[in-house]
Amino acid sequence: MDQVYAFHETVIGHLHVLNEMPCEDSSISFSAEDGRYNIAIVADGHGSKSCYRSEVGSKAATDVARKCLKELAEVTLESKAAEDRFYKDMFSNPRYRKVTIRQLTDTIIARWHDWVVEHYKNNPPTPEEISESTENDNTIAHIYGTTLIAALKLPKCLILIQQGDGRCDVFYGDGSVD
């Protein structure tokens, strides 16, 4: 098996530097010590004055997604029997595949929402944050708004998830792209 390396770097965008705005994006990666799975995650804060806590929301999204993907990988790879069953079901049963991925994404979203609600309760908006907001949508999810793209590479499959308007491309050795 080819060695896989997971890596990331979050860089503040040029316009954010010029306008003295904080970086509202976050990225994280993880490789299991035994090399059996790898994770890469990117969250893109919404970049709007009404989403004045996107920086916090994107960091929370990457942390929550990493934990959920690690949990899935650990359960999947806990034994040869569990791993074989997972691949059999994922590759041959479309309903199982759909339910598994839906459960994963729903769990990430629910845990992220719980995290940002707790953060909001412990850190109410300041008058400055509220006065700079440009929209009337002050729901907690909107204030902490972010997109999320995540990848979990297991020994026999790659799981990709996306929430929001980002894009995830897969490049193959033959030069084709999905």
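Colleague: Which residues in α3 do Leu-72, Val-75 and Thr-76 in α2 meet?

Modeller: This is a predicted model, in which local features need pLDDT of at least 70, side-chain atom pairs count only at pLDDT 80 or more, and totals for chains, interfaces and linings use all residues. Residues are numbered from 1 along each chain as its sequence is written, and side-chain values use heavy atoms, with hydrogens and water left out. Helices are DSSP runs of H or I with at least four residues and strands are runs of E with at least two, both numbered from the N terminus. With contact meaning heavy atoms within 4.5 Å, Leu-72, Val-75 and Thr-76 in α2 meet, in α3, Ala-82, Glu-83 and Phe-86.

Colleague: How are α2 and α3 oriented to each other?

Modeller: The axes of α2 and α3 (residues 80-92) lie 8 Å apart and the helices pack at about 110°, where axes are lines fitted to C-alpha atoms, for helices over the stretch in contact, and angles run from 0 to 180 degrees between N-to-C directions. Angles under 35 degrees count as roughly parallel, over 145 as roughly antiparallel, 65 to 115 as roughly perpendicular, and the rest as oblique. The relation of α2 to α3 is therefore roughly perpendicular.

Colleague: And which orientation does α2 take to α4?

Modeller: Helix α2 (residues 54-76) and helix α4 (residues 94-122) have axes that come within 9 Å and cross at roughly 140°. That angle makes the relation of α2 to α4 oblique.

Colleague: How many charged residues are in the contact of α2 with α4?

Modeller: The residues that meet include Val-56, Ala-60 and Glu-71 in α2 and Leu-104, Arg-111 and Trp-115 in α4. Ala, Val, Leu, Ile, Met, Phe, Trp, Tyr, Cys and Pro count as nonpolar, Asp, Glu, Lys and Arg as charged, and the others, Gly among them, as polar. By these classes the contact holds 12 nonpolar residues, 3 polar ones and, for the charged class, 2.

Colleague: Which are the edge strands of the sheet?

Modeller: Two strands pair if DSSP finds at least two bridges between them, and here 4 strands form an open sheet with antiparallel pairing, in the order β1-β2-β3-β4. The strands that pair on one side only, and so stand at the edges by the rule that pairing needs at least two DSSP bridges, are β1 (25-31) and β4.

Colleague: Through how many residues does a hairpin join β3 to β4?

Modeller: The strands β3 and β4 (residues 158-163) run antiparallel and are joined by 6 bridges, with Leu-158 in β4 as the bridge partner of Lys-153. The number of residues in the hairpin that joins β3 to β4 is 4.

Colleague: Why is β3 largely enclosed by the rest of the structure?

Modeller: Buried means under 20% relative accessible area, exposed over 50%, and partly exposed in between, with a 1.4 Å probe and protein chains only; of the 178 residues of the protein, 35% count as buried. Strand β3 (residues 146-153) is largely enclosed because, of its 8 residues, the number buried is 7.
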